[in-house]
Amino acid sequence: MPPARKKRKVTKKQARVNGLQNGDHTNGADRSPEDSGADDDGADAGEAEDILQLPVGDDPDSDGGSDDGSGAEETQFPAEKLQKMFTFMLSSTEDRRDFIGQFSQHIDHEDVRRAGLENLSTALTAAAPEPSETLAMNLFSVLKLFRIKKKKKRKAGDDAGAGVAVEAGEHFDSLWLRLLSLPLTPALYRRVLILLPERVLPHLQNPLRLTDFLLSSYQIGGVVSVLSLQGVFYLMQHHNLEYPDFYSKLYSLLEPNALRSPQRARFFHLVDVFLSSGYLPEYLVAAFVKRLSRLALTAPAPAQTMLIRLVCSLMVRHRGLQRMTDDPRGATTLPADPFRAEEADPARCGAADSSLWEIKSLRGHLVPQVGRAASFVERELPQLEHPLDELLETTYDDLMEAELERSCADVALTFHRPEGLLSWKEDRLSTDWKL
Amino acid sequence: MAKAKKPVKRAAGQAEKVTSIKTKDGRLNPFEIHFNKQKHSVLGQHLPGERGKPGISKAKALKKRKLTLLRELKTRTKSNEFVDRRIGEKTKGMSAEDRLAARFAAERKKQNKQTLFNLEDNTELTHMGQTLSEIEKYEDPRSDDEGDDALGAEFVKSAHFGGGLLSKGGSEPAQSRKEWIDKMIAESKLRKYEARKALEETLEMTDQLDGGFMEVMKIFTEAKVIRPTRREERERQSSPVPASGESAASAPAPSEDYDQLVRLLTFEPRVGASDRTKTDEEVRREEAARLRQLEEARQQRMRADTEEGGARPAVHRSADDLDDGFVLDSRPQQRLELVGDQLLVTSQAADEPLTNRQAKKRQQKLQKQREAAEEAEGEEGEATSDRPPSVKLPGFKKFSATLRAKLPLDQSRHVADLVTSLAPNLSPANRAQLVTLYEMLLRYLGQCCHRSAGSGNTGEAGCGAVALRALDALVPVVYDLTQQLGDAAHRCWVSWLRDCHAAYRRRRRRLFPRLETLLLLRVCGQLFPSSDRRHPVTMPAMLLLCQLLTECPVRCRRELTAGLFCVSLLAEFTSLSGRLVPETIAFLQGVLYSAVPTERQPALAGHVLLPHQPQGPSAALLHLETNCSESPCDPALSVSSVQSDAPLTDSDRLSCLHVAASLAGQLAERHSALPAAAELFGPLRQLMAAVDVRRYPAILRNKWTACLKTLSAISAEKTTLEKNKKRPKPLRLYEPAIEENFDGRRRRPGSHEKKEHDKLVHKYKRQMRSTIREVRRDNAFVARQKLADIKSRDDERKRKLQALMSSLADQEGDFKRMKRQK
């Protein structure tokens, strides 16, 4: 093969990687291992591509030509060629992501987009590949390329956009349902769930058809449950889905290890969104407040600030909950905390009679920010809630940076001279440790 | 000039006239008085304008206008006027002759104006035969007054009052009165003559003496014995060169020597009384006071969060406080106390806790004192010794090599010597060198830890122990150097922490750092106060420890001991401030979980927090392999085990469990008073209760039960939260405004200046009103006058016309009569 051509391919691949990174930011956490995997097998994928260059023909060379042609006469659109390409992409055995990455440059063309979904669905039915995880991966990669335009544009009279949306609607629905029926790897599952509420559900003709998928994915547990809850929440919000257990499920998902998972920021952002309504019953919010403050008790320091702020925001939204920090009966002694942490039902956990002792205990936390955030139990509630966004992603590193950047005029020193490493004042280190 | 003066003079004259208008006779017609009736008459009150004389005042005003305004009106369009200035013309009661005489006198005066004080040239005044001009020279100091012509008292007694003739008649009766008088005159003349002669002689002698004295003086001035006058001295200073040449030639002036001596004496340094050496007890007392102050400052820094946020401590206020910001007395109140039998005045100031600012100030003061003391020492050093500027520091390799070659104690001695030789008062460059030395020391400490680890792995336990001993011995030296460097040390540590953190982050896998980081973090806690609310060094250090505990999984002995060491460090750092670190509790939960027997683990798995795993090999890390109830248990873990990669043995497990239990007990004890302590330590209690202690040795079992007891002693009892109630705002009650000196008059409020200003404004308004009124009346007067003028002119015209017409009628009549007669 000519060396120049190979070089060109490499650059294209890089461009794809860059494009992915720029364009798709929703699946930040689980993208990286896959990408690295794609880079690793890049060499043999390239080989395969070279062999299978024929069905695509001289596609890269006819770039300019196809542009001109499509502009001049529409009847000459190479639909069959496109169908062939899709059939190649939807392999049930081999990973075709590199090829799809190359194809992604054509998706900018209006005609490809218009005919794409239809051809894809025909290719899928015609070829009828074996359902496998690889197929699911390939299909997902292709489907991800088709961004449906918003309805607004259709109203504005943009004919091209309207055409795609109207014609493609049915195919879009069926293709996604087909994808969801395929076996999915956990990573792909997460990516699908992330993509669903933002880019798929709003454009489906009948989004309620995904309800079963979402509810069954909730059973998987962990992050997947949270992500599926987001889809369910969308359906409840926009399509009147009746789902009474939603908040009790969310309640059961709030457990200490949720704070230590990599999806912490997304999870708590969603929790904030789910609980943002002022029309939620007070007993329910009280249960969440109590649950969150229990979480805060054992959470790592950066998450603690976020949790406390979230609790504070909930109190601001539901001012009746002030009795949890300021008992109208005055300080009353109770035999134990009326809140039962083991109770799964937020309605019966008795949170409404409890107080926020947990937050009060965190007042003397080591990290000053946490202590300061917790001071809201001693003061008047603020009029506005605190924005949660910048706290969601705080880590120890950020705290460290901030502390190390702080300048100090004169630094305090100790005033007891140590005798040695372990002998110092009334130090207790020497009881447990020796040199 | 004369013209310009005219109207002024005239106006003055008229004004005088106007003011002197008076009623013709002092008595008033009672019908002319008008009374302003009062609605309520107050006894003894006198109001202005109670009664008025309208007729009189109107007449007065009219007269005044006639004299001033009318006159002006009449001369309004006229630029000149004749003024009669003949002397005596207007003076009433002056006869024509007097007038003539006065005019003549004035004429004479005018003519003699130039020679009014000119005495004639040829007349010359004399005194005792000498012209006054001669006398005025006053050349002769001798006064003629000296010859006193006053008669002697004896003579007066004998000769006056007719006594002379009568008393002495008996002795010389032959003399007649004339003879007697002649004789007396002759005696008198003789006496005067003698006196004059004596005077002349005296004068002559004085002259002679003066001459002699001048000659003697000439000798003195030539020898320059006399102290020069100021002017001479000034002249000499202004031209120093010839003068100095002169003085060098001649002997040194005695006055200069004297002055020098005096100056020497005045500026001689006087030796003050030196401080006496302090006794041991005093030194101890001062040290104790210093420590107390530092401790107060530390506690202040520890409690700083009340200032940052949170409710401020309620300041006591009386229930009667009016919220008007009035403080009775902010100074420390003195109170009387009964001590024994006597009353004593005590002040409360000493017991009050310091405010934050005071503490800061105190800290600064102490620091300043320290610096001042250092400077003073430095000055002394400079004054006493002239040492070479600085000692050259070796490079790090050489430095560590020399240190490594020595025994631990010698190492610390060597470094201490190096520090002394680099004292900053010896050379200003030494400070920078000290900082370099500090950095090298930190590096060397890290190296020591590293070496101890390396030898531990290879099995040379001795070498590792030596390295750790060296570290142990160097800590006091590092402490001293830190005290000396202060801020620079802080910067070193911050950069060290930054490096540590970066090194930790760089690794993909989260692993506990090695001993060189952990032990230096310990040293860091010894050098900087960890109890501060937010210390620039210890705060990041503690955050780093928390991060390690949260992120690093525990899978082997090294990680387990490192984690336990981190927990110990955090517990130690927060021991004074008593702050809560949930990460330590979470970590201990994970550790204790791995000691729970496998069959009981699933029920407790919910208490295991990531990164600890509820399943797998790491969940059984602390399961004993054999029954150790009889085997010995070392209650203390070795620091060096943090480094070693050796597998866990049962004795290690026992030590780890002991340390973990001790830490759990320590934390539970410290935080048992927290409102959520039961929730916080509940999992720990459950985990510890689930552990099978029968296989543990007695020491550990005792520790375990003691710890469990502490944990279960935490009561689940709760008191509901209540915020500090805001004080209800009291109704504003006003004090009755009691005036000290009540005189029945209401005074306007405000300062003296304001009152004066108001008074002036009031006056101005009144004046303005009256002026406007006057102007209006003037206008009315002028209009009336003009109308009167017009009327009178009209009348005149009519009268003339009538006269004319009547004369014409007469003529006509006459003419007709003559015609008829014809």
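**Exercise 1.** Which residues in α22(A) and α18(B) meet? Work out how the two helices are arranged as well.

*Solution.* Keep in mind that this is a predicted model.

- Start with the residues: α22(A) brings A:Asp397, A:Met400, A:Glu401, A:Leu404 and A:Glu405, and α18(B) answers with B:Val494, B:Leu497, B:Arg498, B:His501 and B:Arg505.
- Sort them by class and you get 4 nonpolar, 1 polar and 5 charged residues.
- Now the geometry: the axes of α22 (residues 396–405 of chain A) and α18 (residues 487–506 of chain B) come within 11 Å and cross at roughly 165°.
- Angles over 145 degrees count as roughly antiparallel, so that is the label for α22(A) and α18(B).
- The handedness of this crossing is left-handed.

**Exercise 2.** Find how α17(A) and α18(A) pack, and what classes of residue make the contact.

*Solution.* 

- Helix α17 (residues 282–298) and helix α18 (residues 301–317), both of chain A, have axes that come within 9 Å and cross at roughly 165°.
- These two are therefore roughly antiparallel, with a left-handed crossing.
- Among the contact residues are A:Val289 and A:Leu292 of α17(A), plus A:Leu307 and A:Leu314 of α18(A).

**Exercise 3.** Describe the interface of chain B with chain A.

*Solution.* 

- Count residues: 97 of chain B are in contact with 82 of chain A.
- Check an example: the side chains of A:Glu403 and B:Arg534 form a salt bridge at 3.0 Å, N to O.

Note on methods: Residues are numbered from 1 along each chain as its sequence is written. Chains are lettered from A and ligands numbered from 1 in the order in which they are written. This is a predicted model: local features need pLDDT of at least 70, side-chain atom pairs count only at pLDDT 80 or more; totals for chains, interfaces and linings use all residues. Side-chain values use heavy atoms; hydrogens and water are left out. Axes are lines fitted to C-alpha atoms, for helices over the stretch in contact, and angles run from 0 to 180 degrees between N-to-C directions. Helices (H or I, at least four residues) and strands (E, at least two) are DSSP runs, numbered from the N terminus. Angles under 35 degrees count as roughly parallel, over 145 as roughly antiparallel, 65 to 115 as roughly perpendicular and the rest as oblique. A crossing is left-handed if the near helix is turned anticlockwise from the far one by less than a right angle, and right-handed if clockwise. Contact means heavy atoms within 4.5 Å. Ala, Val, Leu, Ile, Met, Phe, Trp, Tyr, Cys and Pro count as nonpolar, Asp, Glu, Lys and Arg as charged, and the others, Gly among them, as polar. A salt bridge is a side-chain nitrogen of Lys or Arg within 4 Å of a carboxyl oxygen of Asp or Glu.
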